[in-house]
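Please consult the sequence and the model shown below while reading.

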Amino acid sequence: MNNTMIGTLGILGSLLIGALIAYVGSSHSVSYAGVPVFAICGAFAFIVQWVVFTHAWIKHTEHFFDLTGSLTYLTMITIGVVLGGTMDVRSLVIVALIAIWAIRLGSFLFLRVRGAGEDSRFRKLKFSFPMFLMTWTLQGTWVFITAACALAAITSNNKVAVDVYFWVGLALWCVGFVIEVVSDRQKTAFRADPANAERFITSGLWAWSRHPNYFGEIVLWAGIAVMALPTLQGLQYGTLISPVFVVVLLTYISGVRMLENKAEKTWGADADYQAYKARTPVLLMLPPGDRGLQSEG
């Protein structure tokens with residue numbers, strides 16, 4: 001199967017999934033000009049991608065890929081609030097939390113790519129129009145699915161006062177966000193030291209988990225889902241696929257799987273790395289205790 005066929009099928013599959021999510025999430029959404037606001041938000045998940053893709057293809061650059069993902073989150077939640085006339089506390093807090101997360105992560109990933117000079121994932125893809133377009137379209141689907149539960153709450157015609165779900169979800173989000181930010185900063189500082197160029201980090205939160213940043217991201221999106229839960233009705237419960245999708249994406253599709261394979265190729269013959277793997281959970285965070293962790297591998 002050539003790149004054109006793969007790219008075309010990937011794009012069509014992404015749009016089909018997006019349409020399904022739009023249908024489910026729109027069941028109890030407020031409308032604007034007769035169109036469910038949830039569906040309008042979903043449409044912009046792809047529109048933003050394709051607009052920026054035009055520049056990316058002309059310049060053959062992937063530098064704005066992650067930043068565009070963050071921009072898409074911000075665009076969708078802003079449209080949800082503005083067109084939906086949302087002013088209840090739950091929705092506004094969800095909007096604020098997603099904005100904080102998107103701005104922080106998007107800028108972090110953008111600066112990391114700029115510093116490295118490239119994102120190796122796109123080394124070949126950015127010169128194939130159908131494959132490159134498919135990648136940007138897939139990001140639109142990824143953003144829409146990840147935010148679906150939040151968007152359902154923001155645009156829902158069922159508004160619920162602040163309750164225990166709100167506070168539990170907020171607490172989970174805060175814990176997850178702190179874990180993600182701290183672990184990212186610890187690894188960035190570790191990599192900034194030239195002496196660690198060929199080494200793997202086992203200090204800080206990385207002594208608790210081999211991928212604490214992904215664990216934090218999973219926890220914070222679970223918190224968003226808990227906050228959104230009381231507002232959901234009927235088919236909207238299908239948007240609870242959001243936190244499940246985050247887990248699957250980060251553990252089986254990208255994230256953990258890719259980094260574990262890369263680490264095995266790099267340090268697979270290193271006894272210290274194998275010992276680190278044996279004593280440190282791949283994702284869940286557990287206190288090092290008496291596992292004898294060293295500060296660095």
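## Lys126 and its surroundings

The side chains of Lys126 and Glu62 are joined by a polar contact of 3.1 Å; a polar contact is a pair of N or O atoms within 3.5 Å, where, within protein, one must be able to donate a hydrogen and the other to accept it, and residues adjacent in sequence count only if both atoms are side-chain atoms. The model is predicted, so local features need pLDDT of at least 70 and side-chain atom pairs count only at pLDDT 80 or more, while totals for chains, interfaces and linings use all residues. Residues are numbered from 1 along each chain as its sequence is written, and side-chain values use heavy atoms, with hydrogens and water left out.

Lys126 is located in the loop between helix H4 (89-116) and H5; helices are DSSP runs (H or I, at least four residues) numbered from the N terminus. Lys126 counts as buried because its relative accessibility is 12%, where buried means under 20% relative accessible area, exposed over 50% and partly exposed in between (1.4 Å probe, protein chains only). Apart from neighbours within four places in sequence, Lys126 is in contact (heavy atoms within 4.5 Å) with Trp57, His60, Glu62 and Phe132. The C-alpha atoms of Lys126 and Ala56 are 8.2 Å apart, although 70 residues separate the two along the chain.

## Thr135 in helix H5

Thr135 belongs to helix H5. With 14% relative accessibility, Thr135 counts as buried. A polar atom of its side chain lies 2.8 Å from the backbone oxygen of Met131. When residues up to four places away in sequence are not counted, Thr135 touches Phe65, Phe122 and Leu125.

Helix H8 comprises residues 241-253 and spans only 16 Å between its end C-alpha atoms, whereas a straight helix of 13 residues would span 18 Å at 1.5 Å a residue. The expected span is 1.5 Å times one less than the number of residues. After H8 comes Gly255, which has a positive phi, near 60°.

The buried residues of H8 are Ser242, Pro243, Phe245, Val246, Leu249, Leu250 and Thr251. Their cover includes helix H5 (129-155), helix H7 (212-228) and helix H9 (256-267).

## Helix H8: the partly exposed Ile253

Ile253 also lies in helix H8. Ile253 is partly exposed because its relative accessible area is 45%.

Technical notes:
Helices (H or I, at least four residues) and strands (E, at least two) are DSSP runs, numbered from the N terminus.
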